[in-house]
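Dear colleague,

Please find below the structure that I am handing over to you, followed by an account of what was found in it.

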Amino acid sequence: VLVCTYGLLQSESQLFSEKKFTTIVLDEAQAIKNNTAKRSKAAMKLQGDFKIITTGTPIENHLGELWNLFRFINPGLLGSSKWFRNRFGLPIEKEKDQETQEQLQLLIKPFILRRNKKDVLKELPPKTEVVLSVQLPEKEKAFYEALRRDALAHLKNNGEVNAGTKHLKVLAQLMRLRRACCSPKLVHPETDIKGAKLELFGKTILEIIQNGHKALVFSQFVGHLRIIEEYVIEQGIEYHYLDGQTPTKKRQERIDAFQSGLGKLFLISLKAGGTGLNLTAADYVIHMDPWWNPAVEDQASDRAHRIGQTKPVTVYRLITEDTIEEKIIKLH
């Protein structure tokens with residue numbers, strides 16, 4: 001039995017591809033969702049008699065990711081990338097074609113064993129999800145509205161230039177608005193607007209800690225996590241921190257410390273800590289900002305709501321009123 005990380009698979013791709021395996025298992029297989037990534041290319045070179053993948057999020061952004069996962073376990077079933085996009089991707093994603101969606105489900109169903117956690121882990125305590133609405137004061141509301149109008153003007157004025165990359169410009173403006181919902185300082189570091197979301201976070205955390213609970217705090221923006229970290233330090237709250245730059249050894253040390261009872265909060269970037277962590281010492285989870293795909297948030301919440309958890313888990317989502325964040329929740 002050979003156990004290795006995706007990083008090692010990528011760096012030693014030639015060595016792995018020269019061996020013939022009886023069985024190959026990819027855990028957290030969404031790691032190879034991007035067919036152009038080196039990690040995915042290394043996985044596709046593996047030789048095996050039988051291949052299995054396990055994942056809680058087979059589709060995070062688009063159907064092309066599902067195509068790539070099936071290219072690994074069952075090459076040819078879903079045709080070429082171009083054929084799959086024309087046959088299934090565009091009709092399902094763009095035209096919301098229900099019949100085509102059902103045809104795709106029938107095609108892949110024999111190769112999928114699906115289990116819901118509630119069916120497998122019957123002894124798991126309940127999980128409650130609560131949306132906390134963040135109301136912006138007038139000054140911050142005006143700040144956000146100015147950014148929104150600026151974004152529209154920018155896209156209108158540059159609409160004819162490089163039309164092929166317009167979607168990237170739209171995405172950039174959307175990300176700017178999303179950061180502004182988290183904290184005005186993420187857009188304009190010099191501003192004196194503190195941010196209503198941080199204020200609500202402070203009140204929520206104080207209540208959680210005073211009642212003897214521990215919490216995981218997720219944000220997709222590392223800059224946002226740093227602002228939260230500054231606040232937590234000012235309040236004298238013992239905490240741990242983890243993002244993509246945290247060394248592997250430090251990562252495990254902080255997890256062990258939190259699980260053993262040290263620290264009230266664990267600040268985690270969504271991308272770095274959304275999978276592969278066992279943090280059942282916490283019974284509260286706070287999502288500081290919404291991600292497009294709710295399954296990604298659910299996987300992060302499951303760092304606390306998993307085998308070993310004995311207390312009911314409460315998940316808070318902080319959503320800023322009358323902003324793009326509310327529209328993301330509607331997409332969910």
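This is a predicted model: local features need pLDDT of at least 70, side-chain atom pairs count only at pLDDT 80 or more; totals for chains, interfaces and linings use all residues.

**Helix α12**

The buried residues of the helix are Ile255, Ala257 and Phe258. They cover an arc of only 165° around the axis, and therefore lie on the same side of α12. The cover over these buried residues includes the strands β4 (215-219), β5 (239-242) and β6 (265-269).

The length of the helix was also checked. Helix α12 runs over residues 248-259, and at 1.5 Å a residue its 12 residues should span 16 Å; the end C-alpha atoms are 17 Å apart, which agrees. Just after α12, Gly261 adopts a positive phi of about 115°.

**Helix α11**

Just after α11, Gly236 has a positive phi, of about 70°.

**Helix α6**

In α6, the buried residues are Thr100, Leu104 and Ile108. Seen down the helix axis, they fall within an arc of 65°, so they line one face of α6. An α-helix has 3.6 residues a turn, so residues three or four places apart point the same way. The face of α6 turned away from the buried side carries the exposed residues Glu99 and Leu106. Among the elements that cover the buried residues of α6 are α4 and α5 (81-93).

The N-terminal end of α6 is capped by Asp97, with a side-chain oxygen 3.0 Å from the backbone nitrogen of Glu99.

**Aromatic pairs and charges over rings**

The structure holds 6 aromatic pairs. One of them joins Phe70 and Phe111: the ring centres are 6.5 Å apart and the planes stand at 85°, so the pair is edge-to-face. This pair links distant parts of the chain, 41 residues apart, with Phe70 in helix α4 (residues 64-73) and Phe111 in the loop between α6 (98-108) and α7 (117-120). Phe70 has a relative accessibility of 4% and therefore counts as buried. Phe111, at 43% relative accessibility, counts as partly exposed.

Trp83 and Phe88 also form an edge-to-face pair, at 5.9 Å centre to centre and with 80° between the planes. Trp83 counts as partly exposed because its relative accessibility is 42%, whereas Phe88 counts as buried at 4%. Trp83, Phe84 and Phe88 together form one aromatic cluster.

The charged end of Lys51 sits over the ring of Phe72, 4.7 Å from the ring centre. Arg178 lies over the face of Trp292, at 4.3 Å from the centre of the ring.

**Glu297 in helix α14**

Glu297 belongs to helix α14 (residues 294-301). Its relative accessibility is 0%, so Glu297 counts as buried. A polar atom of the Glu297 side chain lies 2.6 Å from the backbone nitrogen of Trp291. Leaving aside neighbours within four places in sequence, Glu297 is in contact with His287, Asp289, Pro290, Trp291, Arg317 and His332.

**Leu124 and Lys311**

Leu124 is found in the loop between α7 and β3 (127-134). Its relative accessible area is 15%, and since buried means under 20%, Leu124 is buried. In sequence, Leu124 and Lys311 are 187 residues apart, while in space they are 8.7 Å apart, C-alpha to C-alpha.

With kind regards

Definitions and conventions. Residues are numbered from 1 along each chain as its sequence is written. Side-chain values use heavy atoms; hydrogens and water are left out. Helices (H or I, at least four residues) and strands (E, at least two) are DSSP runs, numbered from the N terminus. The expected span of a helix is 1.5 Å times one less than its number of residues. Buried means under 20% relative accessible area, exposed over 50%, partly exposed in between (1.4 Å probe, protein chains only). The arc is that of the directions from the helix axis to the C-beta atoms. Contact means heavy atoms within 4.5 Å. Rings of Phe, Tyr and Trp (its six-membered ring) pair if their centres lie within 6.5 Å; planes under 30 degrees apart count as stacked, over 60 as edge-to-face and the rest as tilted. A charge sits over a ring if NZ of Lys or CZ of Arg is within 6 Å of the ring centre and within 35 degrees of the ring normal. A polar contact is a pair of N or O atoms within 3.5 Å; within protein, one must be able to donate a hydrogen and the other to accept it, and residues adjacent in sequence count only if both atoms are side-chain atoms.
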